[in-house]
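Q: I have a model open and want to talk it through. Can you take my questions as they come?

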Amino acid sequence: MDAFILQILNGLDKGSAYALIALGLTLIFGTLGVVNFAHGALFMIGAFCAVTMQRILNLSSTVIDETQKDFLGNPLKVEVPYVESWFGEAAGAAIQDWSVPLSILLVIPVMLLVGWAMERGLIKHFYKRPHADQILVTFGLAIVIGEIIKAFFGANPIQTPMPSAFIGTVDLGAWMGFDPGSVAYPTWRLIYFFFSAIIIAAVFAFLQFTTFGMVVRAGMADRETVGMLGIDIDRRFTLMFGLAAAVAGLAGAMYTPILSPHYNIGMDFLVLSFVVVVVGGMGSLPGAVLAGFLLGILQSFASMNEVKALIPGIDQIIIYLVAIIILLTRPRGLMGRKGVMEE
Amino acid sequence: MLGLNSRDFRLFLIVCALCLFAPIILNPFPVASSLGESFNAGYPALMQRFVIFGLLVIGFNILFGLTGYLSFGHAAFLGVGSFAAVWMFKLLSYNVVPAIILSVIVAGLFSVVIGYVALRRSGIYFSILTLAFAQMMYSIAFSDLVGKLFGTIVTNGETGLQVYNDDPQILLGQGDPTVPHLFGLEMNSAYTWKIGGWEFVFQNGYYLSALFMVLGFYLSIRIFRSPFGMMLRAIKSNQTRMSYTGLDTKPYMLAAFVISGMYAGLAGGLLAAMDPLTGAERMFWTASGEIVVMAILGGVGTLVGPVLGAGVIKYLENIVSKINDSILHNWFAFMPDWMDNLLVTIIHPFIGKGWHLTLGLLFMAVVIFLPGGLMQLGEKFTALFRRKKTDDAKTGATNPAE
């Protein structure tokens, strides 16, 4: 039983990342009808925002420390980060330690801006073009963004440590009444799961309980009629694109302690996220979230040693297998609606 | 001639001639000159890539160009073909004939299965399904899951598959060459013709690949002009209407998919025949993306476009990634220093390792401004030229009624 629960938990963090990316993809697809192959790149930009935040916090000035001498007897030059000189040593070190969570402050405005620029600058011109063209131009954009990031940050993965308070594991087994130590789970992954749950809830609440969200949902259902009612639906949809970008960016930034970001990280996640979206049902937000967690958990079950002994390597192809089976039996995906994307 | 109308026949002849004289045409500069070092492309390894990828994209164009179904997993068939060919080398002998035949057959079988499943959906779903299939096959090959299942080696995982001395090679005779050969004609042996400062290399492997590409090109012309091709185009313009007329479009689609998969398998087999090793990275989805890029750049749905696109991409890849800062400084040596340095700093991100950035930008520019690819650019130019000459002549291009 405890092994079973451990596998479900293991699936949750990957599932959360899939769910967040798929949620953004579905938002874009549902509102603007565009298949965004550059969504993985947005995830990556988010991740590199965390790297940038880390570097900003580590910016330092060189101060000559008269009390210390180097081996030649000259005063020692000490690099003092600006945050330490501004907020004091202890507070500065704490701020540096928390660079990944703090990067959220950077991610949200940057991603909103990136999303807005992408939609207004490029995607806007592709609404009337065939879907194949939209796929192709966003695919090209993904290559370009990846290469630009590579030019600035290099091709190697960059370590971005989590706050030291979260290093280690949480003994969930003891909480749930199993033997202590039987279900030990890394703290940061737990945080990531709760973080994404909050974001998903926030997005749904935004769409469900605000007037803005209501208009957007109406626009998703029937864009033309909403337009005829005198509502500038395009502007709202642009904002939704920014929101989707921000969701992807947040997913990327918070994932950095789990997987060191490199310029291709987005591509790796993108293919799986597409599979997630298709399994969930194109255009269905709950479907995307459900499928994200479902596939994440399935993948973690498939990577159990008992399963792998039975069918070696099943963990790497299970998602694709499930996707193919689901598409063949339920062509609209798990929660797809009739009439959406059925050309 | 050969069942082609005169215009197509002329096109076919031009392609034949280009393939035949490529070693000369692509080496316009003397070997020792700096221009020759940077821009000559007439060496066998690169020319092989031109024709093999040309063949691959011709096949892809039969699917995407005629039916409009965008497959994002075509590299999988290329990889399957390569693996099949290398296995033939391992089991039988280094003769390329069984290798190439088997690579086409195996890729065909795979594409029947994948096509049957993927073609149940259209549009974006089809693209994503093919992408998922290709990624699955990549994962299988990369970790050699089939091999692990049976306790043997099939794709040899990360290392890649190649021929070892202790392989059975049951047909290998005493004096047979130990490199890929066509009944004794070694693929990598070449005749070098030196004249003045120029050097032209005529390689057997290149000419075999070129022969296959010419045959593939001929077949694609015939398909484009056949009733079958017409049917595929009809499916592209309105599949629903085709279904309403009582026609089952599925067999046609599947046939197109399998043909294009077999082209990819042939290309994979040829790649292995030129260099008898292969790895899973050939099947990665960015490789599939590259095929799409080539087709789009050249001009989807045209006859020569795909070959052109493959050639341009492979040429630029080779040239651009070879250029470095010192070569640039050489070129700009005539300018004042500050201008030279400025230009080099600006161009630096786009050359050498930055080739993919250039590729991405080029690709985006083509998709945005030239959906018809380089062929459309050519048409625009000729139209401009013609209008100046005869004011009344209308351009021959007809737009589909949509």
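Q: Which strand does β4(B) pair with, and in what sense?
A: This is a predicted model. In it, β4(B), residues 190-195, pairs with β5(B), residues 198-203, in the antiparallel sense, over 6 bridges.

Q: Which residue stands opposite B:Tyr191?
A: That is B:Phe202, in β5(B).

Q: And what about the turn, how many residues lie between the strands of that hairpin?
A: There are 2 residues between β4(B) and β5(B), and B:Gly196 takes a positive phi near 60 degrees in this hairpin.

Q: Over to chain A. Which strand is joined to β1(A), and by how many bridges?
A: β1(A), residues 60-69, is joined to β2(A), residues 75-81, by 7 bridges, and the two run antiparallel. One of the pairings puts A:Thr62 with A:Glu79 of β2(A).

Q: Which residue has a positive phi in that hairpin?
A: A:Gly73 does, with phi near 90 degrees; 5 residues separate β1(A) from β2(A).

Q: Zooming out, what is the secondary structure of each chain?
A: Chain A has 15 helices and 4 strands. Chain B has 17 helices and 6 strands.

Q: How does the radius of gyration of chain A sit against the globule rule?
A: Chain A comes out at 23 Å, close to the 20 Å that the rule gives for 343 residues, so chain A is as compact as a globular protein of that length. Its C-alpha atoms fill a box of roughly 80 × 55 × 35 Å along the principal axes.

Q: What about the core, how many residues are in the largest nonpolar one?
A: It has 215 residues, and those with the most contacts inside it are A:Leu23, A:Val275 and B:Leu56. Helix α11 of chain A, residues 233-255, provides the largest share of this core, 15 residues.

Q: What is B:Leu56 in contact with, leaving aside its sequence neighbours?
A: Beyond four places in sequence, B:Leu56 is in contact with B:Leu78, B:Tyr263, B:Ala264, B:Ala267 and B:Ile291.

Q: I also clicked on B:Leu297. Why does it count as buried?
A: B:Leu297 counts as buried because it has 28 C-beta neighbours inside 10 Å, and the cut-off is 20 or more. B:Leu297 lies in helix α12 of chain B. Its contacts beyond four places in sequence include B:Gly309, B:Ile313, B:Phe363 and B:Leu374.

Q: How far is B:Leu297 from B:Ile58?
A: The two are 13 Å apart, C-alpha to C-alpha, and 239 residues apart in sequence.

Q: Now the contact between the chains. How many residues does each chain put in?
A: Chain B puts in 38 residues and chain A 31. On the chain B side, α6, α7, α12 and α16 each supply at least two residues. α6(B) gives the most, with 12 residues.

Q: What is the make-up of that chain B side by class?
A: It has 24 nonpolar, 11 polar and 3 charged residues.

Q: Confidence next. What are the model scores?
A: The ipTM is 0.81 and the pTM 0.85. For chain B, the mean pLDDT is 84, and 96% of its residues reach 70 or more.

Q: Which elements of chain B have the lowest and highest mean pLDDT?
A: Helix α2(B), residues 34-39, has the lowest at 72, and helix α11(B), residues 250-274, the highest at 93.

Q: Where in chain B is the pLDDT below 50?
A: That is over residues 391-395 of chain B, a stretch with 2 contacts in the model beyond near neighbours in sequence. Where pLDDT is low, the predicted coordinates should not be read in detail.

Notes. Residues numbered from 1 in each chain as written. Chains lettered and ligands numbered in written order. Predicted model: local features only at pLDDT ≥ 70, side-chain atom pairs only at ≥ 80, totals over all residues. Contact = placed C-beta atoms within 7 Å. Nonpolar A, V, L, I, M, F, W, Y, C, P; charged D, E, K, R; others polar. pLDDT = per-residue confidence, 0-100. Pairing = 2+ DSSP bridges. Core = buried A, V, L, I, M, F, W, Y, C linked by C-beta atoms within 7 Å. Buried ≥ 20, exposed ≤ 12 C-beta atoms within 10 Å, placed from the backbone. Rg over C-alpha atoms; globule rule 2.2 N^0.38 Å.
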